[in-house]
Amino acid sequence: MTRRIKDLYSVRLNMDNMPVVVKGRTKAGSPAYHFGYPLGFIAENDVFINNHLKFKILYHRGDGSPPTYRVVGFEVEPWSVDHDVSGDGSRSSSCPIKAGVKPMKVTEDVEVWYSYDVSFEESPVAWATRWDPLMNANPELKQIQWFSIVNSFMIGIFLTALVGTILLRTLLRDFVRYNQLEDDEEQEDVTGWKLVHGDVFRAPQASAMLSVLYGSGAQIFWLSVITLGFAVLGFLSPANRGGLLTALISFYVLASTISGYAAARLYSSVEGTEARRLVTLGSAFFFPGIVFAVFFCLNVLLWAYSSSGAVPFLTLILLLVMWFGVSVPLVFLGAYLGYKQKSIEFPVRTNQIPRQIPSPPFGIPKASYLLVAGILPFGVVFMELVFILNSIWQNQVYYMFGFLFLVFIILSLTCAEMSIVFTYLVLSNEDYKWWWQAFMTSGSSGIYVFLYSLYYLMTQPGFKGINVVSILMYVGYMGLISIAFFLMTGFIGFFSSFLFVRKIYGAIRVD
């Protein structure tokens with residue numbers, strides 16, 4: 001018990017599908033709710049347990065005869081009380097509980113008596129809107145959210161201006177200059193991205209792996225779009241406990257066709273037919289295999305510690321059935337449809353002999369630019385990431401999906417623009433190996449998501465007292481989230497750069 005209190009455990013109760021909450025006030029006086037109540041607290045190095053609960057049940061009286069009564073709120077006020085129990089254990093002289101009672105200190109072999117009292121209070125809140133008081137963001141949170149949106153929007157405006165400058169000034173000037181060249185002597189003076197027209201669509205290294213990552217990113221992207229769409233429309237209400245997680249798993253399995261189709265389309269256009277089977281198998285087992293392996297290992301640890309949070313064995317079997325029985329066949333179906341489609345045609349032919357690539361500017365390796373490029377997409381989602389981490393790990397409910405949807409749109413635009421800018425700079429340096437660069441430029445933001453999640457963990461007040469299993473659970477799941485974020489943002493960046501490169505080389509005359 002002492003270790004659980006030091007680990008900041010909370011107790012969750014439900015009545016008529018309403019969670020128990022501890023009501024408080026913000027600094028500005030607005031009502032705030034904390035889901036669940038703390039198991040105990042620590043004062044002056046002593047551990048105390050909350051063994052008396054004052055429940056307040058809010059009910060709404062409906063119209064009609066006879067009147068109906070429905071629960072619309074469930075609040076609790078936890079107390080720590082050292083009960084003075086009678087000899088036969090039938091009653092305590094401490095009840096009713098009043099201010100100034102002696103708290104119950106937890107020591108070895110101590111006998112803890114539990115008690116509660118209940119009060120009922122009529123509420124004007126109707127049953128249909130009983131979740132609204134819990135879901136309404138207080139003014140402070142709204143201000144922070146709007147500040148986050150404005151911050152992300154300013155980053156988007158900056159990148160849009162940068163991309164606009166490249167497209168409207170530099171590229172248009174290049175188009176005019178390249179298309180006006182007529183004689184061979186002038187052609188020899190050409191420098192820049194036109195020089196690599198014969199190599200720009202040369203198949204990249206590890207094209208099969210790139211196709212698998214691209215397909216997995218496409219699946220996660222459309223999973224995010226669909227899930228956020230349903231959440232914004234109100235279909236994923238927190239009143240339906242576990243509804244969001246169920247929707248994520250269901251949509252991810254059903255979106256497996258997208259993964260197979262996108263990977264097959266890219267690989268058939270770039271490489272051909274050498275490793276089609278490998279690409280299909282990779283789309284079906286690479287990322288899902290990583291997720292299941294990490295999930296299973298963490299679940300084994302929970303089993304070993306007899307944790308109530310361990311997933312039952314039958315649930316694991318059900319997940320395997322969904323993976324092999326639904327997801328894998330859908331991936332194969334998508335790959336079949338992708339390979340049946342006509343390959344994407346490129347506007348220029350590829351030379352048989354690759355040209356030499358000059359040294360990077362100032363001798364700085366391209367990997368350095370990739371790490372820098374990931375900062376801006378991470379900056380867009382940074383503030384929203386804090387709220388999401390709090391909702392997952394701090395017993396809070398995330399309900400501001402409208403703000404999240406706006407941030408997602410800005411993130412997508414930012415990833416696309418960052419990738420286009422860096423792809424243009426690479427091609428301008430006569431470097432035709434842009435494929436992996438386009439994916440990694442925006443995908444590197446996943447590294448910053450993972451690093452920040454570690455920082456978030458280490459800055460928690462009770463970090464030193466957290467046991468090893470809890471830390472491994474946190475790092476494992478945040479690692480999976482970071483990989484998914486890497487794949488999604490990498491897909492957005494690569495898809496945008498791919499369209500950009502096809503467009504600019506289709507706009508020039510090449511002999």
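Guide: In the hairpin of β7 and β8, two residues lie between the strands, and Glu44 takes a positive phi near 55°. This is a predicted model.

Visitor: What makes β7 and β8 a pair?
Guide: Two strands pair if DSSP finds at least two bridges between them. Strand β7 (residues 40-43) and strand β8 (residues 46-49) have four bridges, in the antiparallel sense. They therefore count as paired.

Visitor: Which residue of β8 is the bridge partner of Ala43?
Guide: The partner is Asp46.

Visitor: Why is Ile317 called partly exposed?
Guide: Its relative accessibility is 35%. Buried means under 20% and exposed means over 50%. Ile317 falls in between, so it counts as partly exposed. Ile317 lies in helix α9.

Visitor: Why is Ile447 called partly exposed?
Guide: Ile447 has a relative accessible area of 41%. That lies between the 20% and 50% limits, so the label is partly exposed. Ile447 sits in helix α14 (residues 445-458). Ile447 and Ile483 are 36 residues apart in sequence, yet their C-alpha atoms are 8.3 Å apart in space.

Visitor: Which members of the largest nonpolar core touch the most other members?
Guide: They are Leu427, Trp434, Phe494 and Tyr505, in a core of 75 residues. Core members are buried, so each has under 20% relative accessible area.

Visitor: Which residues is Phe494 in contact with, leaving aside its neighbours within four places in sequence?
Guide: They are Leu210, Tyr214, Leu266, Ser419, Trp434, Trp435, Ala438 and Phe439.

Visitor: How many residues does the chain have, and what share is buried?
Guide: The chain has 511 residues, and buried ones make up 43%. It has 15 helices and eleven strands. Its accessible surface comes to about 27,400 Å², of which 63% belongs to carbon and sulfur atoms. Among contacts between residues at least 6 apart in sequence, 77% join residues at least 24 apart.

Technical notes: Residues numbered from 1 in each chain as written. Predicted model: local features only at pLDDT ≥ 70, side-chain atom pairs only at ≥ 80, totals over all residues. Heavy atoms only, no water. Buried < 20%, exposed > 50% of the residue type's maximum accessible area, 1.4 Å probe, protein only. Core = buried A, V, L, I, M, F, W, Y, C linked by side-chain atoms within 4.5 Å. Contact = heavy atoms within 4.5 Å. Areas by Shrake-Rupley, 256 points an atom, 1.4 Å probe, with all protein chains shown as cover.
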